[in-house]
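Biologist: I should like to understand the reasoning behind some structural terms. Could we go through them one at a time?

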Amino acid sequence: MPKELSGADILIEALCDLGVEVIFGYPGGAVLPIYDAIFKQTRIKHILVRHEQAATHAAEGYARSTGKPGVVLVTSGPGATNAVTGITDALMDSIPMIVITGQVATHLIGSDAFQEADTVGITRHCTKHNYLVKSPVQLGDIIHEAFHIATTGRPGPVVVDIPKDVQVATAPYRKPGKIEHKSYKPALKGDLKLIEAAVEMLAAAERPILYTGGGVINAGPQASMILRELARISGAPVTSTLMGLGAYPASGDAWLGMLGMHGTYEANWAMNQADLILCLGARFDDRVTGRLDAFAPKARKIHIDIDRSSINKTVRADLGIVGDVGRVMEDMVKIWKARAHQKADLAPWWKRIDEWRAKKSLAYPASTTEIMPQEAVAALYRATHKRKPIITTEVGQHQMWAAQHFHFDDPNKWLTSGGLGTMGYGLPAAIGAQLGNPNALVIDIAGEASIQMNIQELATATQYRLPVKIFILNNEYMGMVRQWQELTYSSRYSESYSDSLPDFVKLGEAYGWKGIRIENMDGLEGGIQAMLDHDGPVIVDCMVAKLANCFPMIPSGASHVEMLLDPSMVTGEMSDEAKALV
Amino acid sequence: MHNKQGAQERHTLSVTVSNEPGVLARIAGMFSARGYNIESLTVADITEDDAVSRITIVTVGTSAVIEQVVAQLDRMVPVHKVTDLTLLGDHVERELALVKVAGSGEHRIEALRLAEVFRAGVVDTTIGSFVFEVTGASTKIDRFVELMGEIGLVEVARTGIVAMARGKEAV
């Protein structure tokens, strides 16, 4: 019989057995026993954030950049509710995360006790699964099961709510063996017959395109390698969602750039004209498809996804394969080679693609007086790409410019809030990424509005001596809101001006950071170099053209072939029908 | 969206789930969160150790929506198995109702006569009222309630549908 441990100690033991090295958290009344157990041990490093939302984003950044699950520890009530945004973010972007929440003692549950919230009720629909632990006897097994569920199948967040008395009471703990869950059994291998059919469809296609998503990143670095092989042997062009950038290298010959609302002309036109779309770990999100009834009208669609419910959710697949996208692609490559398929003659298809490429849809107007935000991102890319930096972003125009003009050649280097679109994601995510990758260059490309949503995390980086860099594209507007108001509401800029901005240089200095301001083109490269030269955290306030818009753009309710390439294509006010669409 | 188009279909789903706290809230919440319909929902545990509950859900939607409902149920961690009984083909559906009818004289006699026709049993009686127990397909219960409405219907309690595929196989 193993010796009895307190619930708090069982938690620590279980986390150690699961290989957890770092947890992101914030103490409070209902987790004091756990914090005391943390105090008495040295195996797990606790990172004290300044707001629970930041703990969840830091865990996401850690998870996305390392492939390991992120772990969060927060208290009951407000601790748990503050974490909800990040938990939802992780659900939308399929990030493996375990969130331990304190709860009031079991006898107080339901009595509106101090700092009580119905955490399992609140998080039921923003988690992959959640638990309320009623006895320390269950605790060890539940923690192991929570990790199993968070990290297998389609990854996602799992909440484990632990009442304070369960943290104090004792029970024996034994590391469980391999977890055989009664009902949760995710499929890994795809159906071989279907995979063979997919190979034949790909081999026979005249205008194929590989449409990849975050699932390829989640399937591990080897999946990105297999994707490159699949693209090579088939000769098909490759596009990706926002979440999938880096799986196929931006420097690769077959790369068309990102697709969707702010995707490239060639990627969206190729999707529209393709006769076969091979969807690999993506989910036909509304930002990707544009108007659904006009989406890829000529294409047969093969959809490979580990989540059966993703298939046929918004776009009907001609062939759906449920399985890990890495494993399925591996089987596809094997079958392709076994059947000695040759690369089809795709020259006419590539000729058309080259015509679309010639549009140079990512070009932007030059300015001698102002820094164009696209140019700022391009300069940052030129100065840093050899170091293979990890880039995080906030949400808005800067995020799209980063996706368009910072080119990723490797997976796990691009961390962004895609599905939920959470402003305030970038700084804590950068902190999490830096902790998981101590020697990496980690840069949060930010906007002046988003960065303020978790600005308190400057202190976290200072405390743990994390040399993260923040590069603010400061246009004094909530730029994407302002852009939509310009395109949709006759430039009535309702509440989208960033008034009363702080002096970010002084603000950084107040937190112990180095602050740099870049005001014009002459200072751009020097400012970036000064940021890179400083051995510590740096906040760069880069003043950019205030009214620049993010193009290309597929406006609300439009199809892939109705892209706006520049401001001259924008006329009048949108219809109410278009306004109502997302 | 393609899955909003097409004819509305009524499907009966059988869902076996681990009998753990909150499991019904998970299922019902998924329906409301994704805008699916629940026409009827019944749940009770069906194993000796109370470990597994069987939920019978009647839902309405296009075939694409029904396919999504099944997929969304199937991915939930505590769900063991989802069976679309309507898609499976031949199955039996039963519902139980308690129907309270008040009246005297001829009405009372007529109520008893109709109950006999519907094979409804009397489970409670007073000088001025009956409570009938009637079992059968929902349409039969609808009809019984409708007829009692003419006689002196006071109130109705219905269980919702339970269903099972015909033949010797388990779902």
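Biologist: Which exposed residues does the face of helix 21 of chain A turned away from its buried side carry?

Modeller: That face carries Asp522(A), Gly526(A), Gln529(A) and Asp533(A). A residue is exposed if 12 or fewer other C-beta atoms, placed from the backbone, lie within 10 Å of its own, buried if 20 or more do, and partly exposed in between. This is a predicted model, in which local features need pLDDT of at least 70, side-chain atom pairs count only at pLDDT 80 or more, and totals for chains, interfaces and linings use all residues. Residues are numbered from 1 along each chain as its sequence is written, while chains are lettered from A and ligands numbered from 1 in the order in which they are written.

Biologist: What puts the buried residues on the same side of helix 21 of chain A?

Modeller: Leu524(A), Gly527(A), Ile528(A) and Met531(A) are buried.

Biologist: Why does the span of helix 21 of chain A agree with its 13 residues?

Modeller: The expected span is 1.5 Å times one less than the number of residues. Residues 521–533 should therefore span 18 Å, and the end C-alpha atoms are 19 Å apart, which agrees.

Biologist: What makes strand 2 and strand 4 of chain B edge strands?

Modeller: The open sheet of four strands has the order 2-3-1-4, with antiparallel pairing. Strand 2 (40–45) and strand 4 (79–84) of chain B each pair on one side only. Two strands pair if DSSP finds at least two bridges between them; strand 1 (residues 9–18) and strand 4 of chain B have five bridges.

Conventions. Helices (H or I, at least four residues) and strands (E, at least two) are DSSP runs, numbered from the N terminus.
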